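Have the viewer open as you read.

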Amino acid sequence: MNAESGGTQLLLLLLLARKGEVPTMSEAIMSSQMETAPFDPRFPNQNQTKYCYQSYVDFHRCQKLKGEEYEPCQYFKKVFRSVCPNAWVEKWDEQLENGSFPSKI
Amino acid sequence: MTSSHGFHPYHLVDMSPWPLTGSISAMMLTTGLIKWFHQYNMNLLILSIFAILLTMYQWWRDITREGTFQGLHTSVVIKGLRWGMILFIASEVLFFFSFFWAFFHSSLAPTIEIGMNWPPYGIQPFNPFQIPLLNTTILLSSGATVTWAHHAIMEANHTQAIQSLGLTILLGFYFTLLQAFEYIEAPFTIADSVFGSTFFVATGFHGLHVIIGTSFLLICFLRMFFCHFSSNHHVGFEAAAWYWHFVDVVWLFLYVFIYWWGG
Amino acid sequence: MATWTYLGFQDSASPLMEQLIFFHDHIMVVLIMIITFVGYMMASILTNSFINRYMLEHQTIELIWTALPAVILVFIALPSLRLLYLLDEVNNPSVTLKTVGHQWYWSYEYSDFLDAEFDSYMTPTNELESSGFRLLDVDNRTVLPMNTQIRVVITAADVIHSWTVPALGVKADAIPGRLNQSSFMMSRPGLFYGQCSEICGANHSFMPIVVESVNTNSFLNWISSYSD
C-alpha cells in the first residue's frame, strides 16, 4: 500500500482519537490495515535475512508473471518493505536495473 | 662422526648448516613477498626462492648420503621417518578439510548475496564429465602405476620399476598440463563470487600438491636410476607413494563434491 | 534506567524481562545453596583431624556427588530452555521496527504504514539540558506504542554493533548483511535507555539507544508527523 492511502486511514484514526475514543493497536490495525509482515514458518529463526530477500524476489517474479496491476503481488511488497532495510531495497532496485541482481526474476 | 657410532640404534645427526640457511631464506621469502607487494620489486623474493631451493637440494642430498651410503637409517630410525610422514600427511588432510569446510559452508546454504543459488546465478561451472573426468582417470591410473613401481622394487625388478615410475611421473605431468589448460579456458575467475574463490583455492592448492608429488616422484626416479633403492630399503620411495595416494584421494573428493555435485 | 551505583537489574518494562529476572533469582537460589553447602564442607574438613588410612574408594559417595549435580543441572537447564524459546517467539507482531547500526549512531526505519526514517545520535554533553542524561540521551528517540507486540529487525551498515535495551530484555547483534529478529512488548510508558553492546570502534560508547514507550494515539500522532 502506498503512503497516500495509509495517510487517509491514519487521519480517520486520529479523528477518532480526538473524540476521546482511544483505539487500541489491534483496533488501529483492523481499521487502517496497519499490519506488519506476519510470522513466516519458512523462516522460524532469529535470522530473517532470507525472509526479506525471498519476498523481494517473489514480488518481482509475481509482477513479471501477472503484470504490474495484479493486486495480490502487493502482499510481497508489503512484507519486504516491512522487513528489508531501505538501503538494501535501493541497492537491489539498482542491480535489477543494470542487470546485476543475483536472482533470476 | 662421534655421535653416530654409539651402542644404540638412533641417528644422532651431525652439524648441518641447512636449518640455518632454511630459516634465513624463509624469513627472506616473507620479507620478499612484502617488498614485492609494496615496492613492486621481486629481487628479494627471487633470491629467497633460489636460497630455499638450494637448501632443500643440499639438505635432502645429505639425508640421502646418511640413509643410503652411511647406513644411519636403522629400522628404528625408519620407524620415526614413517611416523613423521604419516603425521605430515595427516596435517595436509586437515589443511584440505578446511577448504572443503569453506566450500560446504558456502554451497549448502547459499547466502542472498549470491541469490541463494549454487552455483551462483551467472557462473558457468565446468562440465565435470569432460576434462575433470579425464583427470580422474589419469590420477587413478597413476595410483596404479605407482603401486606397480612399488611391487617392482620389492621384487628387485629394476627395468619395470624405472618404466612404471616414469609412467607415473608422465601421468602426473599430464594431469598438471590438463589442469593448466582448464584454468586458461575457465569462464570464471578467483574473483567471481565465493564460487570462484572456493573453487580456485581448493583446486589450486591440489594442483600445487600434484606438482610437489610429481617432483618427489621425480627425485625417486633419479635415485632409482642411481640404484639408491634396494628391495628392502626404499623409505624415500614409500613416502613419495603415500604422498601421491593422498593427492589422489583429495582429487576424488574435489571431483565428486566441487566439480560434480557443486557444478 | 540504571542510575549511579546501582548494580542490580533495571526495573522491567516487558513481560520477557520479568521472566529473565525470575530466572536470575531462581539460579541465585540454587547457587547460594551450593556455595553454602560446599563452603560448609570445606570448612568442616579443614577444621577436623579425622584420618582414614584405608579408604581408597567409596562407590556410594561417588555416585551421590555425580548424580546430585546432574539433577541440579536439570533444574537449571529446563527453565533456561523454556526462557530461551520464549525469547525467540515473535507472537504476531503489530509493528516492525528496523534498526541499523552505523559508526557511530543508530538509524531507524518504520515502513509498515507510513514511511519514517531517521538517525539517532547521542546528545553531546555541552548541548544537554539539565534534565538530560549524559552519554545516554539522543536527538531522535525511537517512539513505539506500549502494550503492542513489536518486532525489531536489526542489522548494521559497516561493522558489527549490538542493539540493547536492558529494561525490555532485548539484546541482538547488528551484523552487516544479516537481519536479526527480536521482539518485545512494553508493559508501561516511559523512556528506556540502552547502549551499543558490541565494540564497534572509537565511539562505541557514544551511540546510545532511547526507546520512548507511549500510548497508541501518541504513537500514531508521532508517526504521522514523520510522513510527508
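Of the 263 residues of chain B, 38% count as buried, where buried means under 20% relative accessible area, exposed over 50% and partly exposed in between, with a 1.4 Å probe and protein chains only. This is a predicted model, in which local features need pLDDT of at least 70 and side-chain atom pairs count only at pLDDT 80 or more, while totals for chains, interfaces and linings use all residues. Residues are numbered from 1 along each chain as its sequence is written, chains are lettered from A and ligands numbered from 1 in the order in which they are written, and side-chain values use heavy atoms, with hydrogens and water left out.

**Chain B as a whole**

Chain B has 7 helices and 0 strands; helices (H or I, at least four residues) and strands (E, at least two) are DSSP runs numbered from the N terminus. Its C-alpha trace spans about 70 × 50 × 30 Å along the principal axes. Among contacts in chain B with a separation of 6 or more, 74% come from residues 24 or more positions apart, a contact being heavy atoms within 4.5 Å. The accessible surface of chain B is about 15000 Å², and carbon and sulfur atoms hold 73% of that; such areas come from the Shrake-Rupley method with a 1.4 Å probe, and for residues only the protein chains shown count as cover.

**A helix pair**

Now look at H5 (residues 158–185) and H7 (residues 235–261) of chain B, whose axes come within 13 Å and cross at roughly 35 degrees. These axes are lines fitted to C-alpha atoms over the stretch in contact, with angles running from 0 to 180 degrees between N-to-C directions. On the H5(B) side the contact includes Leu165(B), Gly172(B) and Phe175(B), and on the H7(B) side Trp244(B) and Trp251(B) are among the partners.

Most residues other than glycine have a negative phi, and most peptide bonds are trans. These places depart from that pattern:

| Site | Feature | Value |
|---|---|---|
| Trp118(B) to Pro119(B) | cis peptide bond | omega near -5 degrees |
| Gln103(C) to Trp104(C) | cis peptide bond | omega about -5 degrees |
| Met116(B) | positive phi | near 55 degrees |
| Leu135(C) | positive phi | near 65 degrees |

Pro119(B) sits in the loop between helix H3 (75–108) and helix H4 (131–154) of chain B, and Met116(B) is placed in the loop between H3 and H4 of chain B. Met116(B) is partly exposed, at 22% relative accessibility. In chain C, Trp104(C) lies in the loop between strands S1 (95–102) and S2 (105–110).
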